[in-house]
Amino acid sequence: MKIKIIALVFILFVKTSFAQQNLLSFDEHNKYIYYQVADAPGLTADTLLTKGLSFLKTYYPKIRLKPIVGENMVNGQGKFLVYGGVSVLKHEKGEITFQLNIEFKDQKYRYWLTGFIFTPYQRDRYGNFVAQQGIEIPLESALSKLEKRDVDAYLDETGTFCKQFGDRFKQFITHAPKKEETIKKVVTDKW
Amino acid sequence: MKKKFLLLILAVSSLSLAVKAQDTIKTTGDAPLVISGSVDTYFKSDFSGHANIPTSFANENSSISIGMVDLALKKSVGKASFVGELSFGPRGQEQSLPDGSTKSIYTAGVSSYHIQNLYVSYNVTDKFNLSAGYMSTFIGYEVISPAANFNYSTSYLFTNGPFENAGFKATYTFSDKVSLMAGIFNDYWNTYQSLGGRVNTFGAQLTITPVKNWTAYINVAAGPQSGTEIDLTTAYQITSAFKLGLNAADFTAPTGMSGGFSGVALYPQLAVSKAVTLGLRGEYFTTKSGTWTTTAGPNPGASVTGLTATANIKAGPLTLIPEIRFDNSSKNTMFTDGAGAPTSGATQFLLAAVYAF
């Protein structure tokens with residue numbers, strides 16, 4: 001029984017440590033990529049493009065988009081923060097920029113996030129964590145410039161970000177935005 | 001019982017998974033309270049056998065000495081934020097900051113509160129920010145925090161310039177390449193409050209990014225009580241391994257006095273591996289002739305040249321900093337040799353350790 005308990009704890013621990021990093025794959029250029037193809041039954045490519053742009057504008061307004069005229073495609077560049085430290089000492093360790101590509105066809109779409117580049121943060125004189133100018137480290141070659149423990153953490157956070165992006169995207173595409181529920185008014189001078 | 005225990009482990013493990021997933025990425029919402037800071041200690045040996053070079057910190061000779069514990073808190077909610085940064089230890093007390101309990105300045109050995117940053121800030125728009133309080137100075141290349149400096153000893157320009165300015169400032173970002181800060185500050189540098197009941201030091205900083213990875217700050221702080229300092233601070237990350245920094249400044253004494261100082265310092269730094277970066281600081285500093293006599297450096301009318309070779313060796317959050325420094329003055333009135341006789345040169349070695357969190 002003890003062995004079973006230890007094995008269970010070990011399996012869960014390993015799963016916790018590596019689950020998010022494993023969401024990333026390598027593309028044909030040996031770059032990390034998060035690639036997904038999804039079905040969208042009943043929706044045309046034009047509708048999907050409109051929904052996709054609406055999604056990005058709503059949830060990721062800071063992604064700089066480059067819509068391609070005449071094509072049902074969207075390209076963009078964004079970034080997210082990665083954190084280090086534990087508990088109350090947790091703070092920004094850097095930012096990771098990425099390239100976003102989305103393609104829409106009738107009843108399906110695909111998207112991929114790639115080109116992950118890490119820029120470390122440092123604390124400035126005013127107590128803020130800011131990007132170290134001129135330091136850009138592709139995640140593929142990060143092990144040559146950063147500690148392995150840090151690289152693993154950044155890959156985990158990248159995987160988590162990509163999955164979160166994909167989950168939100170799917171939710172938005174397949175479900176119409178919820179209407180805001182209006183609060184029922186009560187008139188107190190009438191019974 | 002065993003089943004319950006197994007279920008408990010499963011539940012706790014699942015909870016930790018869920019917590020990790022929610023806590024790892026902060027893409028939206030208010031940032032958590034952030035605590036950061038550093039701890040530093042050093043050993044210095046001047047080749048004369050006694051302290052010679054008037055560096056702001058690392059001034060105790062043949063002693064394993066402490067810098068400070070630095071603790072900073074930051075919190076942002078929506079467009080508003082605050083920073084509160086306290087320091088404990090000689091580096092963050094009598095060697096740099098005033099004592100709060102007695103209203104006196106540079107009172108050694110009197111413990112009280114020692115603030116490096118205490119300000120509130122509000123982003124009126126994405127491009128327009130207002131800040132007020134007691135803030136690290138916007139002047140100069142080097143700072144009090146050892147974690148934000150490459151060299152452990154400090155330049156003459158740093159030692160003689162402001163460390164802190166209390167005031168109100170507005171910053172507008174015109175583009176990715178240009179921003180402007182302008183503000184009004186208390187009558188004297190480094191004090192928690194106006195000493196003469198005046199808020200009459202004008203400060204401004206023009207930030208320019210001429211090309212990618214090169215930023216220049218043109219600064220001015222001018223007031224009848226604090227004097228006028230015009231400063232250029234710039235850094236260019238030329239390659240991922242090589243960075244070049246420059247600081248040049250000119251200070252004119254306050255109203256009613258004459259003299260001041262001027263100087264220039266160059267900071268080339270080369271990362272030779274992921275753990276080791278080598279750097280030099282070459283500085284030329286001159287004290288102007290006049291009645292302003294509080295300069296930590298050569299006597300009025302004289303100059304000094306300093307060359308500092310420093311390595312930063314990183315082991316996670318810990319940085320070891322071995323450093324050797326050669327200073328040479330134009331006159332033999334600034335330093336003394338091992339026998340106590342005046343001499344024009346001084347050399348020191350130090351080894352410091354800085355842990356940043």
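Author: A residue is buried if 20 or more other C-beta atoms lie within 10 Å of its own, exposed if 12 or fewer, and partly exposed in between, the C-beta atoms being placed from the backbone. Residues are numbered from 1 along each chain as its sequence is written, while chains are lettered from A and ligands numbered from 1 in the order in which they are written. This is a predicted model, in which local features need pLDDT of at least 70 and side-chain atom pairs count only at pLDDT 80 or more, whereas totals for chains, interfaces and linings use all residues.

Reader: What pLDDT does chain B average, and over which residues does it stay under 50?

Author: Over residues 8-28 of chain B, however, pLDDT stays under 50. For this stretch the model has 19 contacts beyond four places in sequence, a contact being two residues whose C-beta atoms, placed from the backbone, lie within 7 Å. The model as a whole scores ipTM 0.83 and pTM 0.84.

Reader: How many helices and strands are there in each chain?

Author: Chain A comes to three helices and eight strands, and chain B has two helices and 18 strands. Both kinds of element are DSSP runs numbered from the N terminus (helices H or I, at least four residues; strands E, at least two). From the N terminus on, chain A runs α-β-β-α-β-β-β-β-β-β-α. Of the 191 residues of chain A, 28% count as buried; of the 357 residues in chain B, 38% do.

Reader: What makes B:Ser62 exposed?

Author: B:Ser62 has 12 other C-beta atoms within 10 Å. The limit for an exposed residue is 12 or fewer, so B:Ser62 is exposed. B:Ser62 lies in the loop between strand 1 (34-46) and strand 2 (63-77) of chain B. Although not a glycine, B:Ser62 has a positive phi of about 45°.

Reader: Why is B:Asn190 called partly exposed?

Author: Its count is 18 other C-beta atoms within 10 Å.

Reader: What joins strand 4 of chain B to strand 5 of chain B?

Author: A hairpin does so, through four residues. Strand 4 (residues 115-123) and strand 5 (residues 128-136) of chain B pair in the antiparallel sense over six bridges, and B:Tyr122 stands opposite B:Leu130. Strand 5 also pairs antiparallel with strand 6 (residues 164-173) of chain B, over nine bridges; there B:Met135 has B:Asn165 as its bridge partner.

Reader: Which residues have the most contacts inside the largest nonpolar core?

Author: They are A:Ile96, A:Ile102, A:Leu113, A:Phe118, A:Leu139, A:Ala142 and A:Tyr154, in a core of 34 residues. Such a core is a set of buried Ala, Val, Leu, Ile, Met, Phe, Trp, Tyr and Cys residues joined through C-beta atoms within 7 Å. Helix 3 of chain A gives the largest share of this core, eight residues. Beyond four places in sequence, A:Ala142 is in contact with A:Phe118, A:Ile137, A:Val151 and A:Tyr154.

Reader: Why are the buried residues of helix 2 of chain A said to lie on the same side?

Author: In helix 2 of chain A, the buried residues are A:Leu48, A:Lys51, A:Gly52, A:Phe55 and A:Leu56. They cover an arc of only 135° around the axis, taken from the directions from the helix axis to the C-beta atoms, which puts them on the same side of that helix. On the other side, A:Asp46, A:Lys57 and A:Thr58 are exposed.

Notes. pLDDT is the predictor's confidence in each residue, from 0 to 100. Two strands pair if DSSP finds at least two bridges between them.
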